[in-house]
Amino acid sequence: MLIHPMPDPIALQLGPVAIHWYGLMYVLAFAMFIALGRVRIKQPHIAAQQWKKEDLDDMLFYGMMGVIIGGRLGEVLFYEPVKYFSDPIEIFKVWHGGMSFHGGFIGVLVAMSLWARKVGRNILDVYDFIAPLVPLGYAAGRLGNFINAELPGRVVSDQSLPWAMLWPDIRYPLHPDPVFLQGLRHPSPLYQLLIDGLIVFVILWLYARKERPRLAVGAFYTLLYGCARFFTEYFRTPDWETTVLGMPITSGQVLSLPMVIAAIIMLVWSYKARQQGRAPIRG
């Protein structure tokens, strides 16, 4: 049995300014985007497309806006509309946590479309380029969720599971003694960090090291993440849950299933288009 370490969510206090671990995880994510991007532009098939370091800096700005605005709006609209609309000021308190990956995903797609239009690049090439740079940033975000004790897992069926964890109940932050949720739980943010983040990154990075048809890398990331997220949702306490054909399905699975279906369609189109000579080989 493990006990959540319950670290202070504030990493550093500078007078009235509090720097939160959750915010630092986003800084780490953006730094890894730049670092991995500089490695990626040196790969021969990417260098042939004439990507430059300046492109990374420009895309990062657009991507940051897409992640923050899209992620927060996704959290508000997909998960807790009643909470946020009853207290609209809370929407702007992003340091409290609460960012939707699916909302951020849509936000980044919109932001990259705007950037691609500005510089005259094909949006599919942009998607292929940035896809391998995303999973480690996602992993950093899940680490921030763990530090904040957000997204508790489901109660484990086998209470002797070595990594089953007592999870703090963050509804009682001022209680003199730690207050825990009932039952030992799966540390689901760490599952998602490992599976949706690190494992997806390794598979996608290896796949993207070689030339692929246009859109294949972006579509493959969408497929990998959608499948990984669908799986790890089984261990996470759902924000909401419904039933489809007599089977329970969580909010995260509802949002991930269209990603999987769309990714399969995009992959089939990508490889068929190359075979028919209609799609060039890209990153």
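Let me begin with a definition: two strands count as paired if DSSP finds at least two bridges between them. Please bear in mind throughout that this is a predicted model.

With that criterion in hand, consider strand β2, residues 10–14, and strand β3, residues 17–20. The two run antiparallel and are joined by 4 bridges. Because at least two bridges are required for a pair, the 4 bridges between β2 and β3 qualify them as paired. Together β2 and β3 form a hairpin, with 2 residues between the strands. In the turn, G15 has a positive phi of about 65°.

Rolling a probe the size of a water molecule over the atoms shows where empty space is left. How many cavities of 30 Å³ or more does a search of the whole structure find? The search finds 1. The volume of the largest cavity is about 630 Å³. Its lining comprises 32 residues, and those closest to the centre are V67, F101, V108, V134 and Y138. Several helices contribute at least two lining residues each, namely α1 (21–40), α3 (53–79), α5 (101–119), α6 (123–130) and α7 (135–147). By class, the cavity lining has 24 nonpolar, 7 polar and 1 charged residues.

Next, the open space. The largest pocket holds about 1200 Å³. It is lined by 45 residues, of which N148, A149, E150, I170 and R171 are the closest to its centre. Helices α3, α4 (81–86) and α7 each supply at least two residues of this pocket lining. Here the classes number 21 nonpolar, 10 polar and 14 charged residues.

Finally, the annotated residue. Which residue does UniProt list for "binding site"? The record, an unreviewed entry, lists R142. This arginine lies in helix α7. Is R142 buried or exposed? R142 is buried, because its relative accessible area is 7%, and the cut-off for buried is under 20%. Leaving aside residues up to four places away in sequence, R142 touches L151, P189, Q192, L193, R229 and R236.

Definitions and conventions:
Residues numbered from 1 in each chain as written. Predicted model: local features only at pLDDT ≥ 70, side-chain atom pairs only at ≥ 80, totals over all residues. Heavy atoms only, no water. 1 Å grid on protein atoms, 1.4 Å probe; cavity = no way out; pocket = protein on both sides within 12 Å on 5 of 7 lines; lining within 4 Å. Points joined across faces, edges and corners; volume = space filled by probe spheres on them. Nonpolar A, V, L, I, M, F, W, Y, C, P; charged D, E, K, R; others polar. UniProt positions renumbered as here; feature names shortened; annotations may be inferred. Buried < 20%, exposed > 50% of the residue type's maximum accessible area, 1.4 Å probe, protein only. Contact = heavy atoms within 4.5 Å.
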